[in-house]
Amino acid sequence: MKKTRTVYALFFFILLITEICIALFVNDSFIRPYIGDALVTVLICCFLRVFIPKGLSYLPLLVFLFAVIVETAQYFDIVRLLGLEGNAFISTVIGRTFSFTDIICYGIGCTAFYLAEKIINKKKVTI
């Protein structure tokens, strides 16, 4: 189980660095808005798997629901409602703009994570 946690932690850090690089250096109309949004849910799933490596097969669904809640909060501009619009960190982490396309990207990321786990776990059983 320690090996599993280590693998998820490694993937988390790789994805974190990737997301930071996308945020800092990529200013396009595809990778940043679509790939970045899909990867962020995979990043969160990997982070949670460090602490919950077994069981909870519906973890990607929970992460997707969390992402939808955050996106819905953006729709209502929760940062402004909380009076935190002057805080650049909070504005960046929570976000300020709603996009239904983001929700689709979150779903793609969570589905990819779910399928990857199914494929990897199936191979582990047959070996």
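Predicted model: local features only at pLDDT ≥ 70, side-chain atom pairs only at ≥ 80, totals over all residues.
Residues are numbered from 1 along each chain as its sequence is written, and side-chain values use heavy atoms, with hydrogens and water left out.

View 1. Helices (H or I, at least four residues) and strands (E, at least two) are DSSP runs, numbered from the N terminus. Read from that end, the order of elements is α-α-α-α-α-α. The C-alpha trace spans about 55 × 30 × 25 Å along its principal axes. Of the 127 residues in the chain, 28% are buried; buried means under 20% relative accessible area, exposed over 50%, and partly exposed in between (1.4 Å probe, protein chains only). The chain exposes about 8600 Å², and carbon and sulfur atoms supply 73% of that area. Accessible areas come from the Shrake-Rupley method with a 1.4 Å probe; for residues, only the protein chains shown count as cover. Among contacts (heavy atoms within 4.5 Å) with a separation of 6 or more, 60% join residues 24 or more positions apart.

**View 2. The largest pocket holds about 1000 Å³ of space.** A pocket is found on a 1 Å grid over the protein atoms alone, as an open set of points where a 1.4 Å probe fits, with protein on both sides within 12 Å along at least five of seven lines; lining residues have an atom within 4 Å of a point. Grid points are joined across faces, edges and corners, and the volume is the space filled by probe spheres set on the points. Helices α1, α2, α3, α5 (88–94) and α6 each supply at least two lining residues. The largest share, 8 residues, comes from α2.

**View 3. The largest nonpolar core has 13 residues.** Such a core is a set of buried Ala, Val, Leu, Ile, Met, Phe, Trp, Tyr and Cys residues joined through side-chain atoms within 4.5 Å. Y8, L15, V42, C46, V63 and F113 have the most contacts inside this core. At least two core residues come from each of α1 (2–25), α2 (31–51), α3 (59–75) and α6 (100–126), and α2 gives the most, with 5. Leaving aside neighbours within four places in sequence, F113 is in contact with Y8, V42, C45, C46, R49 and P60.

**View 4. E117 and K123 both have their place in helix α6.** E117 is buried because its relative accessible area is 10%. Not counting residues up to four places away in sequence, E117 touches Y8 and R49. K123 is exposed because its relative accessible area is 52%.

**View 5. Q74 sits in helix α3.** Q74 is buried because its relative accessible area is 9%. Residues up to four places away in sequence aside, Q74 touches I94, G95, R96, T97 and F98. Between Q74 and K123 there are 49 residues of separation in sequence and 40 Å in space, C-alpha to C-alpha.
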